[in-house]
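Thanks, everyone. Please bring up the model and keep the sequence beside it.

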Amino acid sequence: MIDGLNAVATLLVLAAIFGAINYHWLKLPSTIGLVLIALASSLGLLALEGVMPGINIAGQIGGALSELDFADVLLQGMLSFLLFAGALHVDLGQLRQRAAAIATMATFGVVLSTFLVGAAMWGVFRLVGLEVPFIYCLVFGSLISPTDPVAVLGILKTAKVPPALEAKIAGESLFNDGVGVVIFLILAGIAAGGGNGDEASAGAITWLLLQEAVGGGLLGLLTGALAFYVIRTIDEHNLEVIVTLALVTGTYQVATALHLSGPIAVVVAGLLIGNHGTRLAMSDTTRERLSNFWTLIDEILNAVLFLLIGLEVLILTLVGSHILAGLMAIPIVLLARFIAVGLPIRGLGMFQEFTKGAIRVLTWGGLRGGISVALALSLPASEFRDPLLTACYAVVVFSIVVQGLTIGLLVRRIVPSADRIEASGH
């Protein structure tokens, strides 16, 4: 096994080097720059290895990445910290005003997208000569449908999105990954057991979603309220930061032990501390120190995560049919996202007003990232894992690089100028 300290040291050194290269020359948003540089470096190593097979540098790095277990590192380690850091800075008042839209997109939208993508990819795989069972196509739909809160929140920092629209994008991304993980676990379990998908009844899926999502939300409220009480009784900023660290790690572990949604629990706790906690239980000094601490944690983990995404190409099995299926998956996922977002907004539009261009911005701004890659990597070894992983990787890279770089341009072109001015002052 790769030594943990060496792995951390190597990733931090690479993140610092690639980050400096991006800062001085590419000048892209840091997350996008890290993905591009890491991806270019990985492809360069693969090309060098093709010319000089004896070097085997790419093979050694790929082996080390496989031992590192990206899925476990992200889902059981980094994710809870990233979600909490993101939730701390989300306006709960904005979320409440748009609760119906966020809840609908994070539940109905994810389920609808899962089946739309799954059905379309079943045809795509056959078109390129791959006999991937329908249940595995649904598994792909479930892992690629949720938008990634880490990627989304990172890009929102640079795109001037109106507050109302930003709340929908951020709120949906914070909650729909929890829903998506539950659906993925159900479908992946059926696929691993040799089922054809008939076992995934609507009732069973609905019950598990309620158990994990509602239970996770209640757990987050409970642990967040407990941390709020503790913070309110003390006035020592270092200790209060430690309390929030304990809140994140403890909440996620308890949720996992109780088979509840850890991501949703951490998000709810983060929203409570970030809104009521900072306003009612902290001094100005503590509020500033807490914000600086979690912003730094967020930046460090984001750098490592997006670096890993760029390097993960080294463990892909690059086959022509797999790559072709991945390229065809990109428009399919975007179309499914457009439908899954458009239907709820059209329906709710009869009762409330939405920002002009909301459907197009939500579609293009629904970025996929490390969570999708981690879920794909968590699939057990089978003949169907490699094509699913390659297709997932193609969608994620396109999402982060192309959609991430152009979402700001899209907002400027289709969102009314008055709303953009409001966003600039927000």
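This is a predicted model: local features need pLDDT of at least 70, side-chain atom pairs count only at pLDDT 80 or more; totals for chains, interfaces and linings use all residues.

Numbering runs from 1 along each chain as its sequence is written, and side-chain values use heavy atoms, without hydrogens or water.

First, the second largest pocket. A pocket here is an open set of points on a 1 Å grid where a 1.4 Å probe fits, with protein on both sides within 12 Å along at least five of seven lines. 27 residues line the second largest pocket, and H89, L153, L156, K157 and E166 lie nearest its centre. Two or more lining residues come from each of α4 (70-88), α8 (149-156), α9 (163-192) and α13 (284-311). Helices are DSSP runs of H or I, at least four residues.

Next, α4 against α16 (residues 370-377). Their axes are 7 Å apart, at an angle of about 130 degrees. Axes are lines fitted to C-alpha atoms over the stretch in contact, and angles run from 0 to 180 degrees between N-to-C directions. From α4, F70, A71, L74, L75 and L79 meet G370, I371, V373, A374, L375 and L377 of α16. Contact means heavy atoms within 4.5 Å.

Last, α6 (residues 99-127) and α9. They pack at about 40 degrees, with axes 8 Å apart. That makes α6 oblique to α9.

How values were computed: On a 1 Å grid over the protein atoms alone, a cavity is a set of points where a 1.4 Å probe fits but cannot get out, and a pocket is an open set with protein on both sides within 12 Å along at least five of seven lines; lining residues have an atom within 4 Å of a point. Angles under 35 degrees count as roughly parallel, over 145 as roughly antiparallel, 65 to 115 as roughly perpendicular and the rest as oblique.
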